[in-house]
Structure formats: structure tokens, C-alpha cells
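Hello,

Here is the structure I promised you. Please open it alongside this note; my findings follow below.

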Amino acid sequence: MTDRSSITILTTAHLLLSRALRGRYTHLTMPGLMTEGNLSKLGGYRFYEEAWRVLSRRYGAQVMRTIYLQTELFMTDTLQSYREQNFNIPNGEQGGSLDRPLIVQFCANDVDHLLESAKVVEAHCDTVDINLGYPQDIARKGHYGAFLQDEWDLIYNLINTLHQHLSIPITAKFRVFSTVEKTVKYTQMLESAGAQILTCHGHWAKIRAVKEAISVPVFANGNILYHSDIEACLQATGADAVMSAEGQLYNAALFAPAQSTPSSQSSPLAFDTGLHLPHADLTLDYLSIVKVLKTKTPMSAVKGHLFKLMRPALSRETDLRERLGKVRNSDRAIDEYSEVVEEMKTRMEVGLRRNLLGLFGNYSLFCTAQRDAKAAEGLPAEGLVKIDTATGLKVLPHWLAQPYFRPLPPLAPQCQNGTRQ
């Protein structure tokens with residue numbers, strides 16, 4: 001066991017997190033966000049398959065998570081197809097030099113399976129994370145994630161066993177309880193077990209209470225839809241970093257500030273402090289990564305990303321939506337996807353026009369399909385933003401990547417531990 005009783009987060013995000021987490025804790029880097037002296041807090045990190053991790057790093061995400069891996073399948077799959085699909089070590093890409101800093105995330109309820117799994121990935125990541133927050137029905141059936149939150153002795157043993165036997169730090173992600181008091185006691189237990197970073201999903205006020213109660217870094221998760229929400233969350237919670245789940249799936253550039261537009265791309269309208277590129281450009285960028293990786297990306301993941309990224313326009317371009325849905329898992333699947341996205345790009349960018357009219361009096365850019373250009377012509381940037389009457393949140397032009405406001409489901413009954421099902 002290495003000495004990890006205190007933690008350093010170095011201010012250069014490209015350094016390996018495993019090195020950064022040893023020493024004295026200061027802050028994490030994210031240019032353009034809240035600073036102390038010449039240091040600034042980390043803007044965010046995301047989790048998904050390798051191609052999405054590569055794309056996300058291009059657009060501002062600094063630390064990435066894998067999808068959650070089920071330890072039972074990871075260790076007992078005799079054909080190793082589960083491991084090959086979800087964390088392929090022999091190819092040398094996942095956890096390689098271009099896939100760092102990386103957190104490998106496990107769901108588990110068995111200490112031995114968890115330790116065996118963690119030992120397999122130990123040399124190929126910077127931390128191992130235990131997901132204690134997954135709330136879906138599959139977690140209930142498998143007895144992991146948020147459905148372990150009443151079993152504090154088991155959770156302590158899961159974390160502490162890894163802390164005692166791994167050479168890299170251990171982190172944990174969890175959901176808040178119904179009361180601040182129980183949430184704080186729970187996080188103090190996680191810290192005492194050896195967790196080096198805690199990612200807390202919940203209301204920002206409860207995250208602040210967690211941050212004030214423990215000494216290890218806290219990552220805030222929840223309600224990050226726009227780039228401006230990052231600083232608002234850091235201010236409200238006192239957290240050391242921000243994680244996005246749902247929001248970043250609809251805009252891979254969620255963590256990129258507006259001024260960081262790549263020179264090869266058309267500059268977007270600055271509706272927010274962040275980058276809102278044409279979604280067809282982001283989608284083509286993602287597909288180009290999928291094509292060059294040796295590790296095969298599941299076509300189900302590809303299709304899911306395409307539907308999310310281009311969602312603002314697919315409700316209008318129903319023929320393209322239908323074509324996407326009909327693509328089957330075959331050798332031509334990526335080419336078929338690319339053809340659909342290229343057609344989307346053409347429809348969205350024909351008649352590309354720039355008008356220097358001024359954002360808030362100085363600058364505006366219009367990037368729209370020819371059939372939409374007339375309606376947009378002459379409007380200032382803020383004139384293209386609508387407000388969703390149900391949520392009060394901004395809705396950007398349909399050719400740009402942006403968050404999706406999922407309708408709230410009926411309130412679910414509470415688990416015994418006080419969390420919602």
C-alpha cells in the first residue's frame with residue numbers, strides 16, 4: 001500500500017492522475033474557471049467508451065471514466081468477450097498514453113471479485129472507482145450501485161480492501177440520502193475506508209455539506225447542462241471538480257469554453273460561456289475516431305451517440321432519423337452512419353453565412369441551412385434563443401449541439417436507505 005493519506009492534484013491536466021493524487025492536495029486545473037492565485041479548479045470529466053473519451057478530451061474534459069464494469073462478468077466470463085468489449089487491454093489503446101488520466105469504474109458486491117478485477121486494470125488506469133450511485137433496475141437485480149447504500153460494512157470492506165492492496169488511489173461515486181446528516185455520516189465512512197476522491201450526485205446544498213465535512217476532494221455531479229453551470233456549481237458547492245453525465249452526451253464540447261473553437265470548425269454563436277458547435281461536425285469527429293481505433297466500438301453505442309448528438313435536428317429531419325434507426329450491425333454500419341451525418345451536415349450548412357453584427361452589440365454568427373437562413377438573417381445572437389416554457393431553460397438553434405431537457409418522471413418510491421428508486 002502506498003502512502004496516500006494526503007493528496008496532491010497537480011495543475012497540469014495532462015499529468016497522470018495516479019501521480020497527481022500523491023502528496024498535498026491543492027486544486028485541479030480548468031482554464032477559465034474559478035481560480036485561487038494561479039491555480040484553477042477542474043472543469044469536468046465524463047465516462048463512456050473509448051471513442052467518446054477521445055472526443056471528450058478534444059473538447060475540454062480532463063479526466064475520464066470508463067463505463068461501469070460488472071466485476072462478476074469481468075472475472076467469470078470464460079470467453080472474455082465482456083472484458084474484450086468493455087476494457088480491451090491487449091490492443092494497448094484503453095488505458096494507453098492517449099487515454100489518460102483514466103478512472104476505471106466497477107460495480108460490485110463481492111470483495112474478492114472486486115479485488116481481482118481491480119488488479120487486472122491496475123497498471124492501465126490512474127484510479128479505480130466503485131460506483132455506489134447507479135440507480136437503475138439492473139442494479140437492483142444485480143444488488144450493486146445505489147442498492148448497496150444501506151450495507152455500510154460491506155461498502156467499507158470493498159473500499160478498504162482496494163485501498164490496502166492497490167498501488168493506485170481508490171475513488172467512489174454515490175448519491176445523497178434524504179437527510180444531510182445521514183449523507184455526511186455516509187461520506188465520512190467512505191473517507192475513513194480509504195476513498196481518495198468522492199463524487200457526489202445530488203442537490204448542490206447537500207454537496208456543499210459533504211465538502212465541508214471531509215478532507216478529500218469532492219466532485220459534484222448533477223444539473224450541469226451548460227458551460228456556465230460549471231462555475232455556478234463550483235461556487236454553490238465548494239466542490240473541487242464537476243462531473244457531467246447526461247448533459248455531456250448531448251454536447252461533447254460541454255467543458256470547452258467558447259473561445260477555444262478549433263480553427264478547422266466554423267465558429268459558433270456564443271449563446272453561453274461554452275462551445276456549441278454544429279452537431280453534425282461533432283458527430284463526424286466522433287465517427288472519425290471510431291474508424292481509426294483498433295478497439296471495436298459497439299455499434300449500439302455509436303447509434304446511441306448519434307441520436308443524442310443530432311437530436312435537435314432529427315425531430316425535423318425525420319427521414320434521416322428513420323435512416324439512422326434502420327442501420328444494422330454490419331461491416332458497412334459506420335459508412336452508412338457517415339452518409340447520414342454528411343447529409344445532415346449539408347442540410348444544416350448550405351447557405352453558411354457570417355454577419356458581424358455584434359454579440360451583445362459586437363459579434364454574431366449565423367450558421368444555418370439555406371432554408372433557415374432567411375429566418376435567422378439580421379437577428380442578434382440572443383434573438384435565436386428560445387425559452388422552454390416548461391423548464392425556463394434556453395433552447396438553442398436546432399443546428400447546434402445542446403442539452404436535452406428530459407421530462408421528469410413521476411416521483412418514485414423511496415428505498416429503505418432513503419434514496420429514490
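Start at helix H12, where the buried residues are His279, Ala280, Asp281, Leu282, Thr283, Leu284, Asp285, Tyr286, Leu287, Ile289 and Val290. Keep in mind that this is a predicted model.

**Helix H12**

Of the 14 residues in H12, 11 are buried, so the rest of the structure largely encloses this helix. What do those buried residues pack against? Their partners are helix H2 (50-58), helix H13 (299-309), helix H14 (311-314) and helix H16 (333-349).

Look next at His279, which belongs to H12 (residues 279-292). Is His279 buried or exposed? Its relative accessible area is 0%. Buried here means under 20%, so His279 counts as buried. Leaving out residues up to four places away in sequence, His279 touches Leu309, Met310, Pro312, Ala313, Met344, Met348, His398, Trp399, Leu400 and Ala401.

Strand E5 (residues 102-107) is mostly covered, with 6 of its 6 residues buried. Leu102, Val104 and Phe106 point one way from E5. Ile103, Gln105 and Cys107 point the other way.

Which strands flank it? E5 pairs with strand E4 (residues 63-70) in the parallel sense, over 5 bridges. There, Tyr68 has Gln105 of E5 as its bridge partner. E5 also runs parallel to strand E6 (residues 127-132), joined by 4 bridges. In that pairing, Phe106 stands opposite Ile130 of E6. With helix H5 (residues 111-121), E5 and E6 make a right-handed β-α-β unit.

**The nonpolar cores**

In soluble globular proteins, nonpolar side chains tend to be buried together. The largest nonpolar core in this model has 52 residues. Which of them touch the most other members? They are Val128, Leu132, Ile159, Leu162 and Leu190. Helix H7 (residues 152-165) supplies the largest share of this core, 5 residues.

Not counting residues up to four places away in sequence, Leu190 touches Leu132, Ile155, Ile159, Phe174, Ala195 and Leu198. Another core, of 45 residues, lies apart from the largest one. Among its members are Leu282, Leu284, Val341 and Ala401. Two of those names, Leu282 and Leu284, are also among the buried residues of H12, and Ala401 is one of the contacts of His279.

Best wishes

Note on methods:
Residues are numbered from 1 along each chain as its sequence is written. This is a predicted model: local features need pLDDT of at least 70, side-chain atom pairs count only at pLDDT 80 or more; totals for chains, interfaces and linings use all residues. Side-chain values use heavy atoms; hydrogens and water are left out. A nonpolar core is a set of buried Ala, Val, Leu, Ile, Met, Phe, Trp, Tyr and Cys residues joined through side-chain atoms within 4.5 Å. Buried means under 20% relative accessible area, exposed over 50%, partly exposed in between (1.4 Å probe, protein chains only). Helices (H or I, at least four residues) and strands (E, at least two) are DSSP runs, numbered from the N terminus. Contact means heavy atoms within 4.5 Å. Two strands pair if DSSP finds at least two bridges between them. A crossover is right-handed if, with the strands pointing away from the viewer, the path from the first strand over the helix to the second runs clockwise.
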